[in-house]
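Dear colleague,

I am handing over the structure that we spoke about, and I would be glad if you could look through it before reading my notes. The model itself comes first, and the description follows it.

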There are 6 protein chains.
Amino acid sequence: MPIVTVKMLEGRNDDQKRALIEQITSTVVETVDATPESVTVIIEEMKPTHLGKAGKRPSDA
Amino acid sequence: MPIVTVKMLEGRNDDQKRALIEQITSTVVETVDATPESVTVIIEEMKPTHLGKAGKRPSDA
Amino acid sequence: MPIVTVKMLEGRNDDQKRALIEQITSTVVETVDATPESVTVIIEEMKPTHLGKAGKRPSDA
Amino acid sequence: MPIVTVKMLEGRNDDQKRALIEQITSTVVETVDATPESVTVIIEEMKPTHLGKAGKRPSDA
Amino acid sequence: MPIVTVKMLEGRNDDQKRALIEQITSTVVETVDATPESVTVIIEEMKPTHLGKAGKRPSDA
Amino acid sequence: MPIVTVKMLEGRNDDQKRALIEQITSTVVETVDATPESVTVIIEEMKPTHLGKAGKRPSDA
């Protein structure tokens, strides 16, 4: 029952999100011997004001 | 200090959310011997475009 | 497709964990109108050295 | 590669969020011997209707 | 800065885990226009006593 | 009710973990106007075989 969560900056379009979910599902099925029905993929978008790398936010760059 | 997170599709109304938080808290208190004050419940809603089961999204069905 | 994650201190026995999973599933089904088959419950145990409330760990009490 | 996630009620202003990300990054660097570049901080805001303590939501207080 | 977390039952071998991390990284790079260096993948294993689907655990089957 | 989760590679000693929890709590209290009692900090350690950056694991370096 793999559950995959992808956290990424907001801004991708719907085609990218659909492709991401489809292809991550395929990748999980192929690499760890899971059935497609057992795989759940969740996308969680982050705002550029809510994320920092080395203490800096994309919104402050 | 149990912390319970419920991820579910958006669309439930406020009464359902209140009942969910109340009753999950009671369930945790009864089953694992925790005090009510120690239990936190968090709801995280998902958009139908951000979730896939077997590679398919509810929004594409 | 509700996914419920319960983070709690390690130490509960197997009967408590089984009851927790069964009864949280029932609670979610009853309160937010989900089918039992759609509900996943995950338990994640924490060590007392890995948790702090008000900056204090149970292991330092 | 520490990844820090802060879940908190919505309502803090942008200066508070920037300071939170900067200072948590510094704290992690100093306490666990990580490079600044390796530290990621993520803020996730919660609505008062989506959070309960002892079964009560801030929105119902 | 996509961060991908894969929660799955324990039991996969090291080759499967390496392949999972490599191929999920490639999939994310191709589908959402991210650089490889920006992608982090985390595997979190679950015990069969800590997971329930429809209220039933794999360990009780 | 800020809840802070720190995911990092295993290997830090107990003094580092205690300091991390104490000082992150102080940082949150100072920057976002929370009471100490409301702050929870959780450490989650990752194995070097369960983490990849740019598709490479520390364990394969």
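This is a predicted model: local features need pLDDT of at least 70, side-chain atom pairs count only at pLDDT 80 or more; totals for chains, interfaces and linings use all residues.

Residues are numbered from 1 along each chain as its sequence is written, chains are lettered from A and ligands numbered from 1 in the order in which they are written, and side-chain values use heavy atoms, with hydrogens and water left out.

**Sheets**

Helices (H or I, at least four residues) and strands (E, at least two) are DSSP runs, numbered from the N terminus, and two strands are taken to pair if DSSP finds at least two bridges between them. With those terms, one open sheet has six strands in mixed pairing, in the order β3(B)-β2(A)-β1(A)-β1(E)-β2(E)-β3(F). At its edges stand β3 (51–53) of chain B and β3 (51–53) of chain F, each with a single partner strand, so one side of each has no neighbour in the sheet. The twist from one strand to the next averages 15°, where axes are lines fitted to C-alpha atoms (for helices over the stretch in contact) and angles run from 0 to 180 degrees between N-to-C directions. Within this sheet, β1(A) and β1(E) pair in the antiparallel sense over five bridges, and Lys7(A) has Ile3(E) as its bridge partner in β1(E). Strand β2 (residues 40–46) of chain E and β3(F) are also antiparallel, over three bridges, with Val41(E) opposite Gly52(F).

Another open sheet of six strands, again with mixed pairing, has the order β3(A)-β2(D)-β1(D)-β1(F)-β2(F)-β3(C). Here β3 of chain A and β3 (51–53) of chain C are at the edges with a single partner strand each, so one side of each is left without a neighbour in the sheet. The strand-to-strand twist averages 15° in this sheet. Seven bridges join β1 (residues 3–9) of chain D to β2(D), and these two strands run parallel; Thr5(D) stands opposite Ile42(D).

**Helices on the sheets**

Contact here means heavy atoms within 4.5 Å. Helix α1 (residues 14–32) of chain A lies across β1 (3–9) and β2 (40–46) of chain A, β3 of chain B and β1 (3–9) of chain E, at about 135° to β2(A). Helix α1 (residues 14–32) of chain D lies across β3 of chain A, β1 and β2 of chain D and β1 (3–9) of chain F, running at about 135° to β2(D).

**Chain A against chain E**

In this interface, 24 residues of chain A are in contact with 24 residues of chain E. The buried area (the accessible area, with a 1.4 Å probe, that two parts lose on being put together, summed over both) is about 2100 Å², and carbon and sulfur atoms give 67% of it. Met1(A), Thr31(A) and Val32(A) supply 28% of what chain A buries against chain E, more than any other three residues. There are zero salt bridges between these chains, a salt bridge being a side-chain nitrogen of Lys or Arg within 4 Å of a carboxyl oxygen of Asp or Glu. On the side of chain A that touches chain E, the largest share, ten residues, comes from α1(A).

**Chain A against chain D**

This contact takes twelve residues from chain A and 17 residues from chain D, and the area buried is about 1200 Å², of which carbon and sulfur atoms give 47%. His50(A), Ala54(A) and Arg57(A) supply 44% of the area that chain A buries against chain D, more than any other three residues. The rule finds three salt bridges across the interface, and the side chains of Lys7(A) and Glu44(D) meet in a salt bridge at 2.5 Å, N to O. The largest share of the side of chain A that touches chain D, three residues, comes from β3(A). That strand pairs with β2 (residues 40–46) of chain D in the antiparallel sense over three bridges, with Gly52(A) opposite Val41(D).

Over all chains, the structure holds 46 salt bridges.

With best regards
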